[in-house]
Every structure is written in structure tokens, then in C-alpha cells.
Amino acid sequence: MVERSEGMSRRDLSEALKESTKEVHAQAESTEFMMSFQKGQVSLHEFKLYLASLYYIYLALEEESERNKDNPVYAPVYFPTELNRRAALEEDLGYFYGLTWKKEIQCHEATQKYVDRLHHVGQYEPELLVAHAYTRYLGDLSGGQILKKIAQKSLHLPSTGEGLSFFIFPGVTNISRFKQLYRARMNSLPMDSASEERIVEEAKKSFLLNIEVFEELQRLVSQGQTLENGHLVQPKLEHHTRGINRTHSPKESDRAQMRQKDMLPSTLLLRWALAIFFLATTVGVGLYVM
């Protein structure tokens, strides 16, 4: 292992990452999108957009992780069985969108920027991939568990975990101990202090990329519009029932209202006729008893 400089020897890489990213981490949590999420003010439409962005991000991250699994600057933190999220996200997207989920989702601009950065790092600066794995996976094992509970409650998702596979890590039996192991592996990576400092800066960049994704998702939500298959459309009203999203078009709603209005006069007449009948019957019975 290359000897660390005096500045970096005072703290481990994991500690340096945690301390150096505090401010930008707080910024990410303070975005409008995440603030609403944490308050439980997240709709099914918003949650689906969020999962779709995560899918593209993890697809890129895990492609580059696989590419660098034998690279000594990344191999110690390669835990595919315990951490990989691609399959879990595919399961969640299938649950919400159905079998055609790949045709339903789209990689928006900010997410694509994040994806491009991951591919660049994995191919040309693999040591920096450590920063992205750290911010994503350890975040999922920490704050992600809180988001899981919020989403489950806000969206009335099944207690059995359907639609929340992304937040579930069946390969990690003890989250606290696993995070300790992961940090210890990070601290053992063979690199000099200059590389460690670059990793710290890349971790900050990772948070900034996440912030851009959150801001883009918020714009899509605020505008009440989303791109589907390249066309700008208004989001449909969604009703979540056992993983099936049923939509009702405005035309169908209008027709239903018209049918109700048409039925109103006849309903009133029927009610009056029944009232007169019961009144007559009551009077008749009363006279008979007397």
C-alpha cells in the first residue's frame, strides 16, 4: 500500500468522506423533492419517477462495478450479493408498471448526466468509483430504510414488501455490522493521499449529481407533466391496487357524470312515488287498527 501523507493519516478514508460531504449531503436532503418525501407527501406518480431514475443510475454503477471487480483499487468494496440493486429495481418497476415497464420509463437529462459520469469514472478513473459506491450503497443502508417506511405508509403498499424491493437487502443480515465491514474495506484500499483526496471530491460531486436529479424530478412533478415515449403528456390519475395501476380518462369520467345527471329526474320521481305509497299504506294501517 502507498504511504499516506500526514494530512490523510489523521483520519481514515471513510471518516474523511463522511466529514467532507456533510454540507452537500444536507443540501441533497433539503431539496424540495426530498423534503416532501420525508414529510410523507409523496404520490405514486412521484415515487415511480424516483424509482425509474434510480434504475438507470444503478444499472450504470453496477455495470462499472462488474468491470472493475478485480481492480485492486475497487475490489475490496465489491459486494454484489449483498448490495446490487438492479434486480430489486426491476422487480419494483414491474410491480408498478407491469410487464412493459421498460417502455414506460425514461432516462431524463439530469439522470443521464449522472449515468455518463459513472461510465466515465468506471472506464477511466476506477478509483473514483469508490466514491459513488459509498454515497449510494451506504445511503441506501442508512437513510434509505427511513424512506422505505415513509413510502410504505404514504402509498399504502403491502406490508409484505411488494414495490419496496429496492430498500430491502436480503444479503445483509446486520446492517450496522456490514457498514462497519464496508468502511474497514475502504480504509484498506491501496492508494496514495492524492487519490484519496480525489475520491473525497468525487463523493461531493456524486451528491451534487443527486441534487440535480431531485431538482429535475421536482420540476416534472411541479409542471404536472412527464415525458412518456418522447411525448409530452399530462400524468394520469393513478389508483394503486395490488400492484395494478388503473387509469380513468377524463372522457370516461365525463360520461359517468352525464349518466348520473340523466338518471337524476327518474330517481326523484321514483322516490316521490314510493313516499306516496308508504304514506297511503301507513294511513290505511292506522285506520284499520283504530
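The model is predicted. Helix H10 spans residues 129-141, and helix H13 spans residues 193-223. H10 and H13 meet each other, and both also supply residues to the lining of the largest pocket.

**How H10 and H13 cross**

- The axes of H10 and H13 come within 8 Å of each other.
- They cross at roughly 50 degrees. That angle makes H10 oblique to H13.
- The crossing of H10 past H13 is right-handed.

**Where H10 and H13 touch**

- H10 brings Val130, Ala131, His132, Thr135 and Arg136 to the contact.
- On the H13 side, the partners are Ile199, Glu202, Ala203, Ser206, Phe207, Leu209 and Asn210.
- Sorted by class, this contact holds 6 nonpolar, 4 polar and 2 charged residues.

**The largest pocket**

- Its volume is about 700 Å³.
- The lining has 26 residues. Those closest to the centre are His25, Glu29, Gly139, Gly143 and Phe207.

**What lines the pocket**

- Five helices each give at least two lining residues: H3 (22-29), H4 (32-38), H10, H11 (143-154) and H13.
- H10 gives the largest share, with 6 residues.
- By class, the lining divides into 11 nonpolar, 9 polar and 6 charged residues.

How values were computed: Residues are numbered from 1 along each chain as its sequence is written. This is a predicted model: local features need pLDDT of at least 70, side-chain atom pairs count only at pLDDT 80 or more; totals for chains, interfaces and linings use all residues. Side-chain values use heavy atoms; hydrogens and water are left out. Axes are lines fitted to C-alpha atoms, for helices over the stretch in contact, and angles run from 0 to 180 degrees between N-to-C directions. Helices (H or I, at least four residues) and strands (E, at least two) are DSSP runs, numbered from the N terminus. Angles under 35 degrees count as roughly parallel, over 145 as roughly antiparallel, 65 to 115 as roughly perpendicular and the rest as oblique. A crossing is left-handed if the near helix is turned anticlockwise from the far one by less than a right angle, and right-handed if clockwise. Contact means heavy atoms within 4.5 Å. Ala, Val, Leu, Ile, Met, Phe, Trp, Tyr, Cys and Pro count as nonpolar, Asp, Glu, Lys and Arg as charged, and the others, Gly among them, as polar. On a 1 Å grid over the protein atoms alone, a cavity is a set of points where a 1.4 Å probe fits but cannot get out, and a pocket is an open set with protein on both sides within 12 Å along at least five of seven lines; lining residues have an atom within 4 Å of a point. Grid points are joined across faces, edges and corners, and a volume is the space filled by probe spheres set on the points.
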